[in-house]
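Good morning, and thank you for coming.

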Amino acid sequence: MSDTFLYTSPLDPRAKPLIDELIHEYDSRYGTYFNAEGAAAELNRYPPEAFAPPYGNFLLLIRNGETIGGGAFKHYDERTAEFKRIWTRSDLRRQGLARKVLVELEVQAARQGYTRIYLTTGFRQPEAVGLYLNDGYTALFDTLADPEIYKSLPFEKDISHLAEPALDDVAAEPRLRVAGANH
């Protein structure tokens, strides 16, 4: 079993299974709570270019030729990347795949010059809340309050310790990297 990261675009056909399952999952958890058009409207809120270098990136986790996870980030402000679409295939959960994706996105965001991560998750996604809290993210809301009062739960994390010397091609063409390999 070989897991690799592929930096690509939301338009890549290999991203379709991930996006389709994400829409299904969000619709099953939220229905039209956030938008009358459901999750598809949220996922299409940003153009694919928002997740393209030099300001963003889009990542797929591939196992034996199949997309099993992924995530993306876009520009939030000069020092902050906003993470979006962190996802793993539902039948492969509880294997640490979301954490692998999260760590890889953090390292790539640092490679692209960001020193802080900002992200939000929905109030009906306790698994995501647990992932972020266990991985060093700071909740920007009262974790003891009913999460539904916030609807969207924001988090942040300082990643300045991941900064590397600037390289000219860090945000270039799509590339493959073995998941879990040294950064």
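Helix H3 and its surroundings

Let us begin with helix H3, in which Leu97, Val101, Leu102, Glu104, Leu105, Glu106, Val107, Gln108, Ala109, Ala110 and Arg111 are buried. Please bear in mind throughout that this is a predicted model. The helix covers residues 97-111 and has 15 residues. From its first C-alpha to its last, H3 reaches 21 Å, which is close to the 21 Å expected at 1.5 Å a residue. Because 11 of its 15 residues are buried, H3 is largely enclosed by the rest of the structure. After the helix comes Gly113, which has a positive phi, near 100°.

Ala110 lies in helix H3, and its relative accessibility is 6%, so it counts as buried. Which residues does Ala110 touch, if we do not count those up to four places away in sequence? They are Ile159, Leu162 and Ala163. Ala110 can also be placed relative to Thr80: the two are 30 residues apart along the chain, and 9.7 Å separates their C-alpha atoms.

I turn now to the whole protein. It contains four helices and eight strands, and their order along the sequence is β-α-α-β-β-β-α-β-α-β-β-β. The protein has 183 residues, and buried residues make up 46% of them. Of the contacts with a separation of 6 or more, 68% are between residues 24 or more positions apart.

Strand E4 is mostly covered, with nine of its nine residues buried. E3 and E4 run antiparallel and are joined by seven bridges. Between these two strands there are two residues, and together E3 and E4 form a hairpin. Asp77 has Thr80, in E4, as its bridge partner.

Thr80 also stands opposite Arg116 in E5. In what sense do E4 and E5 pair, parallel or antiparallel? They pair in the parallel sense, over four bridges. The chain passes from E4 through H3 to E5, making a β-α-β crossover that is right-handed. Another bridge here has Ala81 as the partner of Ile117 in E5.

E5 is mostly covered as well: six of its seven residues are buried. This strand pairs with E7 too, in the antiparallel sense and over seven bridges. Gly122 stands opposite Ser152 in E7.

The largest nonpolar core has 29 residues, and the members touching the most others are Phe83, Ala109, Ile117, Tyr132, Tyr137 and Phe155. At least two residues of this core come from each of several elements, among them strand E1 (3-8), strand E2 (57-63), H3 and helix H4 (126-134). Which element supplies the largest share of this core? It is H3, with six residues.

Setting aside neighbours within four places in sequence, its contacts include Leu102, Leu105, Glu106 and Ala109.

Finally, a word on the confidence of the prediction. The average pLDDT of the protein is 87, and 89% of the residues score at least 70. Which elements have the lowest and the highest mean pLDDT? The lowest, 55, belongs to strand E8 (residues 176-178), and the highest, 97, to strand E6 (residues 138-139). Over residues 168-174 the pLDDT stays under 50, and for that stretch the model has nine contacts beyond four places in sequence.

Thank you for your attention.

Methods: Residues are numbered from 1 along each chain as its sequence is written. This is a predicted model: local features need pLDDT of at least 70, side-chain atom pairs count only at pLDDT 80 or more; totals for chains, interfaces and linings use all residues. Side-chain values use heavy atoms; hydrogens and water are left out. The expected span of a helix is 1.5 Å times one less than its number of residues. Buried means under 20% relative accessible area, exposed over 50%, partly exposed in between (1.4 Å probe, protein chains only). A nonpolar core is a set of buried Ala, Val, Leu, Ile, Met, Phe, Trp, Tyr and Cys residues joined through side-chain atoms within 4.5 Å. Contact means heavy atoms within 4.5 Å. pLDDT is the predictor's confidence in each residue, from 0 to 100. Two strands pair if DSSP finds at least two bridges between them. A crossover is right-handed if, with the strands pointing away from the viewer, the path from the first strand over the helix to the second runs clockwise.
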